[in-house]
Structures are given as C-alpha cells and as structure tokens.
Amino acid sequence: ARARAESLGFAPGKGMAAVGLAPREVRVVILGIGLVGAGLTGGVAPGATGQTILGGALLVIAALATITVIQRILFTVKQAASEVDRP
C-alpha cells in the first residue's frame with residue numbers, strides 16, 4: 001500500500017512511513033523479540049515453548065501489518081479525496 005501510494009504521488013518519503021500502527025521497524029523488533037524468546041526457551045521444535053513464543057510473535061505481526069495496511073489505504077483514499085475537492 002505504501003509503495004503504490006507513493007508511486008501515485010501521495011505522501012512521498014517519510015509521510016507514508018509514519019502512517020499506521022506498526023511500521024516496518026516495529027514489526028522487525030517484534031520478530032526479533034520472538035526469535036530471541038524462541039531461542040532462549042528451546043528453539044522451535046514441535047511442542048517446544050519457543051514454537052509458541054515465535055508463533056505468538058508472528059500472529060501479532062500479522063495482525064498489526066493488516067491494521068497498518070488498512071490505515072495506509074484509508075489515508076491514501078482521504079488524500080485522493082482532498083486532491084479532487086481542490087478547486
């Protein structure tokens with residue numbers, strides 16, 4: 001959503017990057033925490049606690065990424081509507 005909006009000329013650069021609940025940096029940190037937690041609790045072997053920790057981190061990332069995409073789409077639609085409304 002971010003790349004498409006920027007290619008259309010909406011919110012170039014940091015503008016679109018700031019839109020959304022969980023930009024890329026936040027998702028990478030969550031993944032890192034999940035990986036470290038999984039490594040410290042026995043890895044991701046079937047039935048291991050680490051598998052649950054990493055799975056939980058990935059679930060959180062998926063939910064936050066979905067919310068972020070929706071927010072960016074709505075932001076772009078709002079920008080497009082304001083462009084059309086200009087005289």
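**Figure 1. Order of the elements in the predicted model.** From the N terminus on, the elements of the protein run α-α-α-α. The secondary structure comes to four helices and zero strands; helices (H or I, at least four residues) and strands (E, at least two) are DSSP runs, numbered from the N terminus. This is a predicted model, in which local features need pLDDT of at least 70 and side-chain atom pairs count only at pLDDT 80 or more, while totals for chains, interfaces and linings use all residues. Residues are numbered from 1 along each chain as its sequence is written, and side-chain values use heavy atoms, with hydrogens and water left out.

**Figure 2. Confidence and surface of the protein.** The average pLDDT (the predictor's confidence in each residue, from 0 to 100) is 84 for the protein, and 89% of the residues score at least 70. The protein exposes about 5800 Å², of which carbon and sulfur atoms supply 70%; accessible areas come from the Shrake-Rupley method with a 1.4 Å probe, and for residues only the protein chains shown count as cover. Of the 87 residues in the protein, 23% are buried, where buried means under 20% relative accessible area, exposed over 50%, and partly exposed in between (1.4 Å probe, protein chains only). Among the contacts with a separation of 6 or more, 56% join residues 24 or more positions apart; contact means heavy atoms within 4.5 Å.

Figure 3. Helix 3 covers residues 24–40, and at 1.5 Å a residue its 17 residues should span 24 Å, which agrees with the 24 Å between its end C-alpha atoms. The expected span is 1.5 Å times one less than the number of residues in the helix. Buried in helix 3 are Ile30, Gly34, Gly37 and Ala38. They lie on the same side of the helix, because they cover an arc of only 100° around the axis; the arc is that of the directions from the helix axis to the C-beta atoms. An α-helix has 3.6 residues a turn, so residues three or four places apart point the same way. The other side of helix 3 holds the exposed residues Arg24, Glu25, Val28, Val36, Gly39 and Leu40. Just after helix 3, Gly42 takes a positive phi of about 105°.

Figure 4. Ile30 lies in helix 3 and counts as buried because its relative accessibility is 19%. Not counting residues up to four places away in sequence, Ile30 touches Ala57, Val60, Ile61 and Leu64. The C-alpha atoms of Ile30 and Ala57 are separated by 6.3 Å, although the two residues are 27 residues apart along the chain. With the same exclusion of residues up to four places away in sequence, Ala57 touches Ile30 and Gly34.

**Figure 5. Thr68 and its contacts.** Thr68 is found in helix 4 and, at 2% relative accessibility, counts as buried. Leaving out residues up to four places away in sequence, Thr68 touches Val19, Gly20, Leu21, Ala22 and Arg27. Thr68 and Ala22 are 46 residues apart in sequence, yet 6.0 Å apart in space, C-alpha to C-alpha. Ala63 also lies in helix 4; its relative accessibility of 40% makes it partly exposed. Between Ala63 and Ala22, 41 residues apart in sequence, the C-alpha to C-alpha distance is 9.6 Å.

**Figure 6. Gly20 in the loop between helix 2 and helix 3.** Gly20 lies in this loop and is partly exposed, with a relative accessible area of 26%. Residues up to four places away in sequence aside, Gly20 touches Thr68 and Gln71. Gly20 and Gln71 are 51 residues apart along the chain, and their C-alpha atoms are separated by 5.5 Å.
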